[in-house]
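Work through the exercises below with the model open. Each task is followed by its solution.

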Amino acid sequence: MRSIHRLVVGDSFGIFCLALASRTSFSSLATSHPTEVRDFWRKEQSQDLTRSVDILTTKIGKGNSEDVILQSLISDGAINVIHLSENLINRLLFRYKDDWKSALAVFRWAMEKMREILEEMRQESLIALDTIWKDAVRTFDDLQFLGLEKNTESMNVLLDTLCKEKFVEQAREIYLELKHYVAPNAHTFNILIHGWCNIRLIPPLFNVIVKNIISTWFTTFSMKCKLKIAPPNVVTYTTIMCALAKAEKFDEALQVVERMNAVGCRPDTLFFNSFIYTMGRAGRIDDATHIFKVAMPKASVAPNTSTYNSMISMFCYYAQKERAFDILKEMEKSGLCKPDIQTYYHPLIKSCFKMRKVDTWLNDILSDMVNKYHIGLDLSTYTLLIHGLCRADRCKWAFNLFEEMVDQDIMPRYKTCRLLLD
DNA sequence: TTAGGGTTAG
């Protein structure tokens with residue numbers, strides 16, 4: 001989804017298409033008009049944006065499925081005349097950051113609109129739509145004719161998008177073609193490596209390589225992809241370690257860490273988070289705790305929300321609820337990071353039910369969520385709570401939450417209604 | 001934010 005987002009609104013080509021759709025060009029105004037005109041224009045644009053967001057938000061509603069929302073957006077005449085822009089899409093995605101169905105519908109709607117624009121461009125012979133993916137190099141070349149720069153940055157966006165959509169072999173071929181015109185950088189290599197990791201090509205390679213694992217593998221990979229031999233950096237190590245952890249090759253994952261330390265590559269927060277995750281997956285809770293409590297401070301690397309989340313999830317997963325709550329307290333005491341609903345509260349809420357600490361711990365958690373951190377409950381959290389409370393014989397409380405969610409126009413699931421009725 | 005992380009299931 002992230003790559004689609006980038007394709008739609010994040011890269012220069014997408015922005016070009018969206019700018020075309022709005023049929024207005026702010027940049028041309030910026031150079032040829034006095035300040036008052038530009039200010040007026042900005043104000044008009046901002047009001048226009050707010051109106052568009054209001055119209056779309058009303059149309060999207062609450063609690064509908066992704067398909068229902070998408071269809072209603074596509075088929076609505078009033079929505080069809082809305083000027084699509086990067087700002088508009090970003091505003092909507094932010095608005096629906098806790099509601100993935102609506103967010104995904106907005107994505108797909110934007111994609112749909114972009115496709116229409118591409119079709120329009122194709123009809124005007126501006127672009128060959130059917131060759132976009134098959135001949136991405138040529139499309140990329142077209143960027144120049146459209147007045148956009150063809151550089152390492154745009155090449156990386158193209159390669160990354162292809163890799164994230166699992167067109168890894170195509171990305172490699174395109175890279176081989178483009179490298180004659182555009183200089184690759186460390187990002188380019190890591191994008192391709194990540195792509196290969198995602199299609200699970202790394203673990204088999206590791207099976208045949210025993211000695212000097214990372215550099216040998218890296219050289220093999222570089223030769224296969226005809227890359228210049230660039231030294232692997234912390235991103236490379238993190239990517240490979242994670243791929244190995246997901247494939248449950250924990251010994252090999254640890255060798256990556258050893259190798260990284262041996263060559264003096266400095267770890268960062270994301271690396272440590274992945275390392276903790278790796279140890280958690282391997283069931284090595286004490287090692288994970290040691291990384292969190294000892295290795296990170298020693299390396300002067302500060303934890304972030306995800307670090308705490310990983311620890312909390314791990315302890316909950318291994319039924320060590322007290323330790324999970326200790327981490328929560330520690331996180332609150334540190335005052336450095338904000339909790340988030342998805343990974344932080346869900347394991348803890350579940351733990352409260354499992355431990356039968358409904359009146360005490362659950363009460364406190366909910367009160368903190370709402371009053372202290374101002375986190376709005378979403379459909380999944382309401383469902384989790386209502387189902388748990390019903391099972392704990394707290395139907396009255398469950399029903400209060402049910403009414404609360406309905407008041408907020410969040411449509412309960414059929415199963416939730418059925419459960420309460422029973 | 002041009003590259004890497006996430007125990008998400010009730």
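**Exercise 1: the DNA surface**

Find the residues that come nearest to DNA strand B.

Solution. Count a residue as near if one of its heavy atoms lies within 4 Å of the strand. There are 40 residues around DNA strand B, and Asn 273, Tyr 277, Arg 281, Ser 306 and Tyr 317 come nearest. This is a predicted model: local features need pLDDT of at least 70, side-chain atom pairs count only at pLDDT 80 or more, and totals for chains, interfaces and linings use all residues. Residues are numbered from 1 along each chain as its sequence is written, and side-chain values use heavy atoms, with hydrogens and water left out.

Next, sort by element; helices are DSSP runs (H or I, at least four residues), numbered from the N terminus. H17 (269-281) supplies the largest share of this surface, 7 residues. Then sort by class: 11 nonpolar, 19 polar and 10 charged.

**Exercise 2: pocket lining**

Which helix gives the most to the lining of the largest pocket?

Solution. List the lining: 43 residues, with His 194, Thr 238, Cys 242, Lys 246 and Ser 274 nearest the centre. Elements giving two or more residues are H1, H10, H12, H15, H17 and H19. H17 gives the most, 8 residues. For the search itself, a 1 Å grid over the protein atoms alone is used: a pocket is an open set of points where a 1.4 Å probe fits, with protein on both sides within 12 Å along at least five of seven lines, and lining residues have an atom within 4 Å of a point.

Conventions:
Chains are lettered from A and ligands numbered from 1 in the order in which they are written. Ala, Val, Leu, Ile, Met, Phe, Trp, Tyr, Cys and Pro count as nonpolar, Asp, Glu, Lys and Arg as charged, and the others, Gly among them, as polar.
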